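This report goes through selected local features of the structure shown below.

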Amino acid sequence: MENVKIGACGPAGVRPKKESGQDLILMALGVAGFLLAFAALARAMRTAVSNGTLIPLLGLASLAGLGVAVWAVVRMWRRGDDAALMNAGSLGIVVWTGLIDKWPEGSPLAVGSALLMLAPASLFAWSIFRLARRADELYRRIALEGLAFGAAVSLFAALTGAALESAGLPRFNWAWMAAILVVSCGVGIVLANRRYQ
Amino acid sequence: VKNRLRVLRAERGWSQADLSARLAVSRQTVNAIETGRYDPSLPLAFKIAGLFDLLIEEVFEPERPPIADRPREELSS
């Protein structure tokens, strides 16, 4: 066969591969573990009711959760799966959302973590543009269906959050909307991708 | 839209990966077209037909015949 230029979705990937499904689950479990452990750690540090071993244990659990999530992204990246970029951005946004309200207001850590959000958000936005530029026509459709799914889920979440808040439930941290949007877009792309396999 | 892509590809001894490289699309796109899960755009359909040196209607055909080819009774019902 003559040397034909590989097009949009050549060996470099772009689309989520089969193994990416396992890595996405691994990443979600890692993120969930991190968020739960970190929230417990922040609570333990605030209340100072814990004994000496609890705080280091929760710190280790947070790091382990984050490590699992980062490992899943690295596995995708090493397979040449360009979806890894988008997932790295999503991971950063979700982790940032878990961190943002844990620091004292106005402290350098709070300002730093707020600015840190720009890095994963930029990565996610860049990966979307890259995908739109490099994808072939089928994958553009898959991405569109995924983004439509993400938009619908986010709209539903925003309306539900606003309605519950106005009904008197505790105030919703709207920073989570970005996390919901990126995660639901990712889930939508994986679901749409399965339809065409 | 039905198509003869799998047959035409097999006649030339090409794998899906070979065909996808020639068309500059992904192997998943070729597979989705062959299995009828995805109908290609008009430019890609022309490109496929051109690659096999055929007319577009020799590769693709509608699920139902065009209106002009349908029996008069079917159109009136």
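In this predicted model, A:F34 has a relative accessibility of 5%, so A:F34 counts as buried, the cut-off being under 20%. A:F38 is likewise classed as buried, at 13% relative accessibility. Both residues belong to helix α1 of chain A, which covers residues 18-47. They are 4 residues apart there, about one turn of the helix.

Over all chains, the count of aromatic pairs comes to 3. The rings of A:F34 and A:F38 form a stacked pair, because their centres are 5.5 Å apart and their planes stand at 25 degrees, under the limit of 30 degrees. A pair of aromatic rings is described by two quantities, the distance of the centres and the angle of the planes.

**Charges over rings**

An arginine sits over a tryptophan ring in chain A: the charged end of A:R75 is placed over the ring of A:W71, 5.1 Å from the ring centre. In chain B, the charged end of B:R22 sits over the ring of B:W14, with 4.2 Å to the centre of that ring.

**Positive phi angles**

Most residues other than glycine have a negative phi. B:A24 has a phi near 60 degrees, a positive value in a residue other than glycine. This alanine is found in the loop between α2 (16-23) and α3 (27-34) of chain B. With 28% relative accessibility, B:A24 counts as partly exposed.

B:D53 also has a positive phi, near 60 degrees, and is a residue other than glycine. B:D53 lies in the loop that runs between α4 (42-51) and α5 (56-59) of chain B. Is B:D53 buried or exposed? Its relative accessibility is 72%, and B:D53 therefore counts as exposed, the cut-off being over 50%.

**Salt bridges**

How many salt bridges does a search of the whole structure find? Over all chains there are 5.

| Residue | Partner | Distance, N to O |
|---|---|---|
| B:E34 | B:R6 | 3.6 Å |
| B:R9 | B:E34 | 2.5 Å |
| B:R12 | B:E11 | 3.8 Å |

The salt bridge of B:E34 and B:R6, at 3.6 Å, links distant parts of the chain. B:E34 is in helix α3 of chain B, while B:R6 is in helix α1 (residues 5-12) of chain B, and the two are 28 residues apart. B:E34 counts as buried at 11% relative accessibility, and B:R6 counts as partly exposed at 41%.

For the salt bridge of B:R9 and B:E34, at 2.5 Å, B:R9 lies in helix α1 of chain B and B:E34 in helix α3 of chain B, so this pair ties together parts that are 25 residues apart in sequence. B:R9 is buried, with a relative accessible area of 10%.

B:R12 is partly exposed, with a relative accessible area of 35%, and B:E11 is exposed, at 54%. Salt bridges that share partners also join B:R6, B:R9 and B:E34 into one network.

**A nonpolar surface patch**

Which residues make the nonpolar surface patch of about 310 Å²? They are A:F149, A:V183, A:V187 and A:L191. Helix α7 (residues 176-195) of chain A gives the largest share of the patch, 3 residues. A:F149 has its place in helix α6 of chain A, which covers residues 137-166. A:F149 counts as partly exposed, with 33% relative accessibility.

**Confidence**

The average pLDDT of chain B is 88, and 84% of the residues in that chain score at least 70. Within chain B, confidence is highest in α4(B), at 95. It is lowest in helix α6 (residues 72-76) of chain B, with a mean of 67. Where pLDDT is low, the predicted coordinates should not be read in detail. For the complex, the predictor gives an ipTM of 0.77 and a pTM of 0.66.

Note on methods: Residues are numbered from 1 along each chain as its sequence is written. Chains are lettered from A and ligands numbered from 1 in the order in which they are written. This is a predicted model: local features need pLDDT of at least 70, side-chain atom pairs count only at pLDDT 80 or more; totals for chains, interfaces and linings use all residues. Side-chain values use heavy atoms; hydrogens and water are left out. Rings of Phe, Tyr and Trp (its six-membered ring) pair if their centres lie within 6.5 Å; planes under 30 degrees apart count as stacked, over 60 as edge-to-face and the rest as tilted. Buried means under 20% relative accessible area, exposed over 50%, partly exposed in between (1.4 Å probe, protein chains only). A charge sits over a ring if NZ of Lys or CZ of Arg is within 6 Å of the ring centre and within 35 degrees of the ring normal. A salt bridge is a side-chain nitrogen of Lys or Arg within 4 Å of a carboxyl oxygen of Asp or Glu. Patches are made of residues with over 30% relative accessible area and no salt bridge: like charges are joined within 9 Å, nonpolar side chains (Val, Leu, Ile, Met, Phe, Trp, Tyr) within 5 Å. Accessible areas come from the Shrake-Rupley method with a 1.4 Å probe; for residues, only the protein chains shown count as cover. pLDDT is the predictor's confidence in each residue, from 0 to 100.
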